[in-house]
Amino acid sequence: MSESKHETFMRAAIEEAHKGLATGGVPTGCVIVRNGEIIGRGHNQRIQQNSVIKHAEMDALENTGRLRAADYQQCTLYTTLSPCSMCSGTIRLYGIKNIVIGENKTFQGDESLLRSEGVLLTVINNSECVDLMNQFIREFPEIWNEDIGE
């Protein structure tokens, strides 16, 4: 996929991250793309919904709705932050084979596991994604540690 498409879809994921932050949550966002079109979007809502599973990827997948595994296998998932174990497990379950990661400097999830299963990871280390998370971690370290399971 061309660089400009990656930028367009990552911008949509970043917009989701800003929605999460604006409503009192962790600033991570995700969009799911199939055939060049966003079919699902979401942001971290663990705080807002008092949820243990509403990471951005989980929210985007839920908002995508029920699809066949074969449909998910044609998707690219754009996420502002490297996927954690829970989100990586769901990515593996549905066979999503392409992930574009906004950044993995503040947190590196299960990238090696995903790669070992043939998932293509493109890490772009977008400065806005990095800055957004670094600021959040400085301001809300206890929420951040809870979000990543520490």
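**The sheet and its surroundings**

Modeller: N35 is found in the loop between strand 1 (29-34) and strand 2 (37-43); helices (H or I, at least four residues) and strands (E, at least two) are DSSP runs, numbered from the N terminus. The model is a predicted one, in which local features need pLDDT of at least 70 and side-chain atom pairs count only at pLDDT 80 or more, while totals for chains, interfaces and linings use all residues. Residues are numbered from 1 along each chain as its sequence is written, and side-chain values use heavy atoms, with hydrogens and water left out.

The phi of N35 is near 55°, a positive value in a residue that is not glycine. Most residues other than glycine have a negative phi. N35 counts as exposed because its relative accessible area is 68%; the classes are buried under 20%, exposed over 50% and partly exposed in between, with a 1.4 Å probe and protein chains only.

Two strands are taken to pair if DSSP finds at least two bridges between them. Strands of a sheet pair through backbone hydrogen bonds, either parallel or antiparallel.

Strand 1 pairs with strand 3 (residues 75-79) in the antiparallel sense, over five bridges. Within that pairing, I32 stands opposite L77 of strand 3. L77 also has a bridge partner in strand 4, namely I99. Strand 3 and strand 4 (residues 98-101) run parallel and are joined by four bridges. Strand 4 then pairs with strand 5, again in the parallel sense and over four bridges, and here N98 stands opposite L120 in strand 5. From strand 4 the chain passes through helix 5 (residues 111-116) to strand 5, in a right-handed β-α-β crossover. Right-handed here means that, with the strands pointing away from the viewer, the path from the first strand over the helix to the second runs clockwise. Strand 3, helix 4 (residues 85-94) and strand 4 also make a right-handed β-α-β unit.

Contact means heavy atoms within 4.5 Å. Helix 2 is mostly covered, with seven of its nine residues buried: A56, E57, M58, D59, A60, L61 and T64. These buried residues pack against strand 1, strand 2, helix 3 (69-72), strand 3 and helix 4. G65, which follows helix 2, has a positive phi near 90°.

Q45 counts as buried because its relative accessibility is 14%. Leaving aside residues up to four places away in sequence, Q45 touches N50, S51, K54 and D59. D59 is also one of the buried residues of helix 2.

The structure holds zero disulfides, a disulfide being a pair of cysteine sulfur atoms within 2.5 Å. C84 is in no disulfide, and its nearest cysteine sulfur, that of C87, is 3.8 Å away. C87 is likewise in no disulfide, with the sulfur of C84 as its nearest cysteine sulfur. C84 is buried, at a relative accessible area of 13%, and C87 counts as buried at 1%.

N125 has a positive phi near 45°, although N125 is not glycine. N125 is partly exposed because its relative accessible area is 30%.

As to the record, UniProt places the feature "domain: CMP/dCMP-type deaminase" (unreviewed entry) at residues 4-121; the positions are in the numbering used here, feature names are shortened, and annotations may be inferred rather than shown by experiment. In the model, the end C-alpha atoms of residues 4-121 lie 17 Å apart, and the span is 41% helix and 20% strand.
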